[in-house]
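Here is a friendly walk through one protein model. Have a look at it first, then read on.

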Amino acid sequence: MGKIYFASDIHLGKDTSKTSLEREELIVQWLLEVSQDADAIYLVGDIFDYWYEYRHVVPKGFDLLKATLLQLRRSGVRIELFTGNHDLWMKDYFEVNLDIAIHRDPITIAVGSKSLYIGHGDGLGPGDLGYKFIKAIFRNRLCQVLFSLIHPNLALSIMKYFSQLSNKKNAGKHPFTTFDKEWLVQFVEEHNQESPHDYYIFGHRHLAIDYLLKGGSARYINLGDWMEQYTYAVLADGNLELKQYLKNKVDILSNIKR
Ligand SMILES: [Mn+2]
């Protein structure tokens with residue numbers, strides 16, 4: 001059985017300490033390397049810093065990534081793409097043109113004897129009511145139809161503006177304190193009571209987290225990001241491991257004694 005890889009929060013379209021293009025080159029290099037032994041690659045949301053597509057129009061750029069994804073699909077690697085809070089305005093472009101499955105909500109999958117719960121992680125758990133409200137509007141059919149009447153040049157500028165606003169607003173706003181204060185930890189602890197899984201895999205937090213749930217059998221992995229951390233997870237023979245692509249010594253937040 002091949003391996004399954006997970007990465008999230010690349011935020012292409014935004015320059016960090018590297019340019020967006022440099023980071024696109026890195027993610028493509030990573031995709032090509034891991035595709036050597038991958039059954040599937042899960043891109044778990046916020047791949048783009050902002051995205052809006054019309055029936056006949058998609059944003060310019062990201063050609064290297066799109067071409068690579070198509071190449072991987074043609075060579076038989078399964079790609080599963082999740083929308084995140086920064087790129088939830090995806091329609092069917094990736095499905096139709098690149099043959100990639102799109103997930104707008106968390107999913108549960110079984111791999112061998114392991115069960116996995118995978119999602120971007122936005123709007124889960126307590127709190128974040130302002131965002132949950134906006135998400136409901138963004139996912140409203142009528143609002144989507146109305147927004148699609150806006151000229152693409154204007155719509156993309158609006159998207160970019162809101163994306164920058166959200167980056168600025170959230171910068172340093174939710175620093176990690178303790179695991180029990182994390183919304184996603186609260187979500188997984190509660191969810192796992194009713195519906196136990198072996199692994200919970202999320203992005204969104206931009207922190208590399210490997211957390212052992214109460215009871216000690218399930219783990220919550222947060223994938224970190226590809227803005228500064230270049231972290232990913234790999235599932236091999238039922239074991240899930242959080243790794244970093246660049247040797248930039250990211251601290252993985254963990255309550256597991258290794
Ligand atoms: Mn993100």
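## Helix H7 and its neighbours

In H7, the buried residues are Leu184, Val185, Phe187, Val188, Glu189, His191 and Asn192, where buried means under 20% relative accessible area (1.4 Å probe, protein chains only). These buried residues pack against strands S6 (114–119), S7 (199–202), S8 (208–212) and S9 (219–223), with contact meaning heavy atoms within 4.5 Å. Helices (H or I, at least four residues) and strands (E, at least two) are DSSP runs numbered from the N terminus.

This is a predicted model, in which local features need pLDDT of at least 70 and side-chain atom pairs count only at pLDDT 80 or more, while totals for chains, interfaces and linings use all residues. Residues are numbered from 1 along each chain as its sequence is written, and side-chain values use heavy atoms, leaving out hydrogens and water.

## The manganese site

Which residues hold the protein donors of the manganese ion? They are Asp9 (OD), His11 (NE2), Asp46 (OD) and His206 (NE2), at 2.1 to 2.3 Å from the ion. Donors here are N, O and S atoms within 2.8 Å of the metal (3.2 Å for Na, K and Ca); water is not among the atoms, so sites may look incomplete.

His11 sits in the loop between strand S1 (3–7) and helix H1 (20–34), and Asp46 in the loop between strand S2 (38–44) and helix H2 (63–74), so the pair ties together parts 35 residues apart in sequence. Both His11 and Asp46 are buried.

Note on methods:
Buried < 20%, exposed > 50% of the residue type's maximum accessible area, 1.4 Å probe, protein only.
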